[in-house]
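Please consider the structure shown below.

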Amino acid sequence: MIHPINKQQLVCERIARALLVMHLEGKDRMPSVKQFAESYGVGTGTVQGAFQNLKDSGAIELNACGASGTYLVSVDQRKLFDVCNYGEIICLMPLGANACLRGLATGIYESVSEKKLPIHILFARGSRNRVNMIKREKCDLTVMSRLAYETALSAGETEIELIGEIGRCPGGIGCITREGVPFEYGKTKVAFDRYSYDHRAINTLLKLPFAGRDDCLDVQLADMVRVGEVEAALCERSSLGDGRGLDFHELTALPQQAQDKLRRAVLVARRGEESLIQLLRLAITPEKVAKIQDEVMNGRRFEKY
């Protein structure tokens, strides 16, 4: 039951969220006022007042057809979204300048914007950091690999929920050493970013000898190897640029299933935000995102986010 304080506003928000999802699903026949009232534990007068507010604001237009029911005639998606009280949709992307991530960001942005919903794309280092920002309600959703998501769950992160798979991640994580220096499984000491669930998963799966540094940042690892501060490090090939002074070693011992999961991008949100998660699943179309990502990566579309 809804708390009596701001009851009218809360009912209006919930109805707006339900109608926005219904509209994106392509449905137009409304549940009855009585059904809404019973669902939210309020009187029918409160529900009728909420509908009147939505109509007066121009968010919706209804057509009452007697015994046939009431139908949504038109919806102003942006106005209806504003009543939902979600604020702006904030999506956190992995920090990186490669075309794969830029294409993925463009696909997500275009897919949501096409639905006339507001979205901001931001970038932050480390899937573990991004999960913490989800939990602290600093963003609404984030992108990571399937491997990172499953590693987060196994690490006890119970406050996140999968929205769905959404395209490709760069994958291609290997081990870098200085040029001419060999890499030997079980012998070469490897540094990695503890705030990357991908790095943590690879380190666990391959039982790589630890380089003894807990403060390694992903963006610093290549330079740390170049100057000899660490012997070797986990690194994504696409982030190396020209790879000056470095050798890249593929992790051939990494199980194929893990390699596949590294390349599968997923969207993750805060557990319990069911209405928002439902909205995002409707607004972000995997097929559209994958098509746009491919076009950006192949130079057929400009980046936009």
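The points below are grouped by topic.

This is a predicted model, in which local features need pLDDT of at least 70 and side-chain atom pairs count only at pLDDT 80 or more, while totals for chains, interfaces and linings use all residues. Residues are numbered from 1 along each chain as its sequence is written, and side-chain values use heavy atoms, with hydrogens and water left out.

**Largest pocket**

- The largest pocket has a volume of about 550 Å³. A pocket is an open set of points on a 1 Å grid over the protein atoms alone, where a 1.4 Å probe fits, with protein on both sides within 12 Å along at least five of seven lines; lining residues have an atom within 4 Å of a point.
- Its lining comprises 30 residues, of which Pro-94, Leu-95, Leu-101, Asp-218 and Glu-236 are the closest to the centre.
- Two or more lining residues come from each of helix 6 (127-135), strand 5 (141-145), helix 8 (197-206), helix 9 (221-226) and strand 9 (232-236). Helices (H or I, at least four residues) and strands (E, at least two) are DSSP runs, numbered from the N terminus.
- By class, this lining has 14 nonpolar, nine polar and seven charged residues. Ala, Val, Leu, Ile, Met, Phe, Trp, Tyr, Cys and Pro count as nonpolar, Asp, Glu, Lys and Arg as charged, and the others, Gly among them, as polar.

**Second largest pocket**

- The second largest pocket holds about 240 Å³ of space.
- Among its 13 lining residues, Pro-31, Val-33, Phe-51, Leu-62 and Thr-70 are the closest to the centre.
- Helix 3 gives the most to this lining, with four residues.
- The lining of the second largest pocket has six nonpolar, five polar and two charged residues.

**Helix 5**

- The 16 residues of helix 5 (residues 99-114) should span 22 Å at 1.5 Å a residue, and the end C-alpha atoms are 22 Å apart, which agrees. The expected span is 1.5 Å times one less than the number of residues.
- Helix 5 is mostly covered, with 12 of its 16 residues buried (under 20% relative accessible area, 1.4 Å probe, protein chains only).
- At the start of helix 5, a side-chain oxygen of Asn-98 reaches to within 3.2 Å of the backbone nitrogen of Cys-100, and Cys-100 is one of the buried residues.
- Lys-116, which follows helix 5, has a positive phi near 60 degrees.

- An open sheet of four strands has the order 8-9-7-10 and mixed pairing. Two strands pair if DSSP finds at least two bridges between them.
- Strand 8 (190-191) and strand 10 (246-249) are the edge strands, each pairing on one side only.
- Strand 7 (residues 173-178) and strand 10 run antiparallel and are joined by four bridges; Cys-175 has His-249 in strand 10 as its bridge partner.

Definitions and conventions: Points joined across faces, edges and corners; volume = space filled by probe spheres on them. Buried < 20%, exposed > 50% of the residue type's maximum accessible area, 1.4 Å probe, protein only. Polar contact = N/O pair within 3.5 Å; in protein donor to acceptor, adjacent residues only side chain to side chain.
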